[in-house]
Amino acid sequence: MFDSGLLFLGLSIQAWITILTVVSIFIVMSRSRIPAEVAFLGALTVLLVTGVVTEEEGMAGFGSEPVVVHAAFFVIIAGLMQTGVLYWLTKNVLGDPKDYKSALLRLMLPTSIMAALLNSVNVVALFIDAVKIWSRKLNIAPSKLLLPLSYAATLGGMCTLLGNSSNLVVAGLYLGKTGQSLNVFEPLLPGLVLTVAGVLMVMLLQRFIPSRESAEQSFETTSDYTVELLVPTDNPAVGETLEDAGLLNVKGGSLVEIVRFDREIIMPVPKDEWILGGDRLIYAGQINEILELKRTHGLAAADHHVWSINDIDSKRRMRTAYVTFGSELIGRSMTKCDFEQKNNVALIAVARQGRRVEGQPREINLQAGDTLLLECPPKGEEQLEHDNRRSLTFFDSHFVPQLGPKTVTSAVILVLMFFISSFHMLPLMATTMLAAGVMMMLGCCRINNVAKYIEWELLLILGSTVVFSVAITKTGIADIIAHQVLQFCGSNPYIVMAVMCLLASLVSEFVSDVGASAVFFPIMYQQAILLGCNPMPFVMALMLSVTISFASPIGSSTHMLIYGPGSFRFTDFARLGIWMHIVLLVIALVIVNMIYPLY
C-alpha cells in the first residue's frame, strides 16, 4: 500500500524510535495490565533519553492547555460535588417513567446535556448508583439502562471541548499549530446532530441492549453463592463436631468444604468432622443469612487468623466493588496478594457477569469487571476508595451533601464559566482556572479535599500525548505518512478524510481516544495543508471520530465504568455498538463537511 523505499529508507533513526514507541504503547494498553499512565510515561522517557524530544519539549506537554484545563476542571467538579449541585441533579432528573422507552428518554437526554457541561466520565460515575436503584424500582435489568447511560454520556461529550478529554487534546494541538483557540462550544452543532442520531438509534435498536442479572441483587437473593468464614482459636466450638456445634446445615445454606490451616481440604464434609481452630468454613447459600453465623457462632472473616473472639469487629459493613480494567488484582487471588491485610477488608463473595464463581472466594483468580462483596471497616471509607481507585471502583457510597446557599453559588460559577468562554471574553484555560479559584475562595470546595478529586493519572496521560504529537511532527513522520496516504487515496480530500477518520476510530476502539487523537492529529493536519484545504474540517472530523468508540468496553472510559456494575460480557457492546460506530461515523463526516468549508 505504501512506497516501501520511502517508508523504510526515508525515515531517520529518531523517526523509527518514535514509531516503535507509539506502537508499543498501543500494544501495552490493549494486551497488558500495566496502567495507562505508566505506559505513557515510560514511552515519554524513551523519547527523552534517545533525544527525540528535548527536555523543554517534554515538559511543555504538562503545561499545555489540555492538562491545565483538566486540572482546573477537577477542582470545579469537586465544588459541584461538595455543595450538592450534582446530587440535586441526579435526584431530580430521572422521575417515574411509564415504560422502558420512556425510561430511555428520561435517562439519555439529561445525561447527554450534563456530559457536555461536566465531562462524560464524571457524569457516568455520578449516575451509576442512581441508575441501579432506579432500575430496581422500575423492575428493569440494570444493564438495559447502564449501556444507554454510557452511550448518552459519550454522545453528549462530543458537544463541547470539556465534554471529553480527546476534545481538549485536539483543541490544544490545534492551538499549538495555529495559535488560534477554539471556542468551548465549537463542536456543538455536529455534536448535537450526532447526539440526536445516537439517541434515536438506541431507541430503535433497543432489542440489541443485553439484559444481564445484577451482581449485587445476586448477592442478596441467589441461593448458590459461597461465603468463607474462619473459626477463631478460642471459639467454644473447637473440639466439637460440626453437627453438635450447629455449623453443618445452617439457615440459608450448607457447609460445602473445610480448608484446614495446613491447606488440607475436606470435601464432602462429614457431619462428625471435628472443628479445629483456624479452620476456614466454605458455605453455599444466601449470603445475608449465612453471615449471621459470624454473630451467633463467633466466626470471623477469613482474611487472616483470629486468635480470640474479642478480636472480631462487629461494626464492619458490606460493600460492593468492581475490578477495574488495568487493576493489579486481575489474574490474582486474595491469597496471593496482601490486598485484604493492607486495607483491613475481607473478601466475602465473588460474582462474574451476574453469576456465581465456583470455588473458595479468596482462591478465585479475579478478572476485569468482577463484582466483589467486601467486608469493610466502619470508618475510613473515603480513604479506602481513594487508595484503591486504580484497582477497584466502589459504587455503593451514599454521601448526601447538605444543600444550601453554596449550592447556588457553585452552580452560578459553572454557568458564568461557560458564558465567559463561549463569548471569548477570556481564553478557555484562563476561564477554567478563574472558576476553580473562585470556587475555593468562596468555600464551595474544601482545599484539603480537592486532591482526591484530581485524576492525576489522566493529567500524566494528557501531558505525554501532547509530547507524542510533537515527536511525530518533528521527526517528519506526519509529513511522510500524509504524503503516502495522499499517494494511495489520491487528492480527493473527502476520501482522504474518510480513510483517516475510519482508521482513527478503529484504533480508538482498542486504545484510548486520547492516544488516538494525539497520534492522528499531526498527520491529518499535514494532509489538509498538502491538499491546500482548510484544516478545520479535518480537525473536527478527527475530534468526533475518535470518540465514536461504542463497540468495545476498553475503547471508552465510560464503558469501562459500567462494565462491572452492569455484569456485561465483552461482546455485549458490539451488538449495538458496531451499528452505532458505522452510522455515526458516516453522519459525522457528512455534517462536518456541510458546516466547515474545505477551501
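The legends below describe close-up views of a predicted model.

**View 1. The largest nonpolar core of the predicted model.** This core has 140 residues, and those touching the most other members are Ile-76, Leu-80, Phe-127, Leu-145 and Phe-538. Helix α24 (residues 513–531) supplies the largest share of the core, 11 residues. A second core of 23 residues is separate, and among its members are Leu-242, Leu-247, Val-250 and Tyr-283. In soluble globular proteins, nonpolar side chains tend to be buried together.

**View 2. Surroundings of Phe-538.** Leaving aside residues up to four places away in sequence, Phe-538 touches Pro-493, Val-496, Met-497, Met-524, Ala-528, Leu-531, Cys-533 and Leu-598. One of these contacts, Cys-533, is buried because its relative accessibility is 6%, under the 20% limit.

**View 3. Ser-508 in helix α23.** Helix α23 spans residues 493–508 and contains Ser-508. Ser-508 counts as buried because its relative accessibility is 0%. Its side chain reaches the backbone oxygen of Val-546 at 3.1 Å. Apart from residues up to four places away in sequence, Ser-508 touches Asp-513, Ala-516, Ser-545, Val-546, Ser-549 and Gly-555.

**View 4. Cys-445 and the cysteine sulfur closest to its own.** The closest cysteine sulfur to that of Cys-445 belongs to Cys-444, at 6.9 Å. A disulfide requires the two sulfur atoms to be within 2.5 Å, so this pair is too far apart for a bond. The count of disulfides by this rule is zero. Cys-445 is buried, with a relative accessible area of 3%.

Notes. Residues are numbered from 1 along each chain as its sequence is written. This is a predicted model: local features need pLDDT of at least 70, side-chain atom pairs count only at pLDDT 80 or more; totals for chains, interfaces and linings use all residues. Side-chain values use heavy atoms; hydrogens and water are left out. A nonpolar core is a set of buried Ala, Val, Leu, Ile, Met, Phe, Trp, Tyr and Cys residues joined through side-chain atoms within 4.5 Å. Buried means under 20% relative accessible area, exposed over 50%, partly exposed in between (1.4 Å probe, protein chains only). Helices (H or I, at least four residues) and strands (E, at least two) are DSSP runs, numbered from the N terminus. Contact means heavy atoms within 4.5 Å. A polar contact is a pair of N or O atoms within 3.5 Å; within protein, one must be able to donate a hydrogen and the other to accept it, and residues adjacent in sequence count only if both atoms are side-chain atoms.
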